[in-house]
Amino acid sequence: MHKVSDISIEADVLAENRKLGQDNLRHLRSHGVRSLDVMGSIGSGKTLLITKMAVEMKKKGLRPAVLAGDVTGEDDFSRFQAAGIPAVNVNTGKECHLDAHLVDHALDKLDLDSIDFLFIENVGNLVCPADFPLGTDMRMVVISVTEGDDMIRKQPLIFVDSDIAVLNKIDLLPYVDINVDLLDRDYSKVKNGAKLHRTSAKTLEGLDQLFRAIDIDL
Ligand code: MG
C-alpha cells in the first residue's frame with residue numbers, strides 16, 4: 001500500500017513536470033515552433049506516421065523536426081535521419097515515458113529558429129506518458145487496427161488526456177478482425193463525442209484531415 005509520503009513525492013514529481021512543461025511550451029513558442037506530443041502503443045506506426053507527415057510538410061515549405069524518444073537505442077532516430085528530417089535521439093534509460101526535463105535538455109540540441117514544427121515521439125505504450133505532459137501545443141495518441149477493439153476501454157486515461165486520437169494502419173482493415181464501430185463508440189464516450197481519426201501512414205489516407213486537426217494548413 002502507498003504511504004502518505006510516497007503519494008506526496010509522486011504529487012511533487014508530477015507538479016514539477018507540469019511546471020517544466022509550461023517552460024518548454026513558452027520556449028518553443030518564443031521561437032515560433034509549434035509542437036505535437038505523439039504517444040501510442042508499440043508498433044502502432046508512430047514513427048512512420050511522423051515521417052510521412054514531416055515529408056508532406058517539407059514538400060510545402062514547412063520545416064519539421066523530431067525528438068525521437070525510446071527507452072534505449074537509435075532505431076527511430078536513424079529512420080528520421082534517413083528520411084532527411086532533423087532529429088534528436090532521447091533515451092529514457094528505463095523509464096516508460098519522456099518527461100519535460102528530458103525534453104528541455106533535448107531542445108538545446110536543436111536550432112529552434114530553423115524549425116517550424118516539432119514532433120515528439122514518446123515511448124511506446126498507452127499508460128505512462130499520460131501523466132507527463134511535455135509542454136507541446138497538442139497531444140496525440142496513436143493506436144492501430146492490429147491491436148484489437150478494446151484499447152480505448154482498457155486504457156481510457158491517455159485518450160482523455162490527449163487532444164486527438166488516431167486509428168492507424170487502416171489499409172490493413174480487410175485482413176483483421178476488428179470492430180471499428182466499437183472503438184469509435186468508446187472514444188466518443190471518453191471524449192465527449194469527439195471522433196477518432198483514421199489514417200494509413202503507408203497509403204497517406206487520412207493525412208489531410210489529420211493535418212487540419214492539428215491546425216496545419218498545407
Ligand atoms: Mg517508433
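**View 1. Strand β4 is mostly covered.** In strand β4 (residues 117–121), 5 of its 5 residues are buried. Buried means under 20% relative accessible area, exposed over 50%, and partly exposed in between, with a 1.4 Å probe and protein chains only. Strands (E, at least two residues) and helices (H or I, at least four) are DSSP runs, numbered from the N terminus. This is a predicted model: local features need pLDDT of at least 70, side-chain atom pairs count only at pLDDT 80 or more, and totals for chains, interfaces and linings use all residues. Residues are numbered from 1 along each chain as its sequence is written, and side-chain values use heavy atoms, with hydrogens and water left out. Phe-117, Phe-119 and Glu-121 point one way from β4; Leu-118 and Ile-120 point the other way. In a regular strand the side chains alternate between the two faces of the sheet.

**View 2. β4 pairs with β1 and β2.** Strand β1 (residues 34–40) runs parallel to β4, joined by 5 bridges. Leu-36 has Phe-119 as its bridge partner in β4. Strand β2 (residues 64–70) also pairs with β4 in the parallel sense, over 5 bridges. Here Leu-67 is partnered by Ile-120. Two strands pair if DSSP finds at least two bridges between them.

**View 3. Three protein donors hold the magnesium ion.** They are Thr-47 (OG1), Asp-76 (OD) and Glu-121 (OE), at 2.1 to 2.2 Å from the ion. Donors are N, O and S atoms within 2.8 Å of the metal (3.2 Å for Na, K and Ca); water is not among the atoms, so sites may look incomplete. Along the chain, the donors follow the spacing T-x28-D-x44-E. Asp-76 lies in helix α3 (residues 75–82) and Glu-121 in β4, so the pair ties together parts 45 residues apart in sequence. Both Asp-76 and Glu-121 are buried.

**View 4. Helix α3 has a buried side.** Its buried residues are Asp-76, Phe-77 and Phe-80. They cover an arc of only 105° around the axis, which puts them on the same side of α3. The arc is that of the directions from the helix axis to the C-beta atoms. Asp-75 and Ala-82, on the other side of α3, are exposed. Gly-84 follows α3 and has a positive phi, near 80°.

**View 5. Phe-159 and Tyr-187 form an aromatic pair.** Their ring centres are 6.3 Å apart and their planes at 75°, so the pair is edge-to-face. Rings of Phe, Tyr and Trp (its six-membered ring) pair if their centres lie within 6.5 Å; planes under 30 degrees apart count as stacked, over 60 as edge-to-face and the rest as tilted. Both Phe-159 and Tyr-187 are buried.
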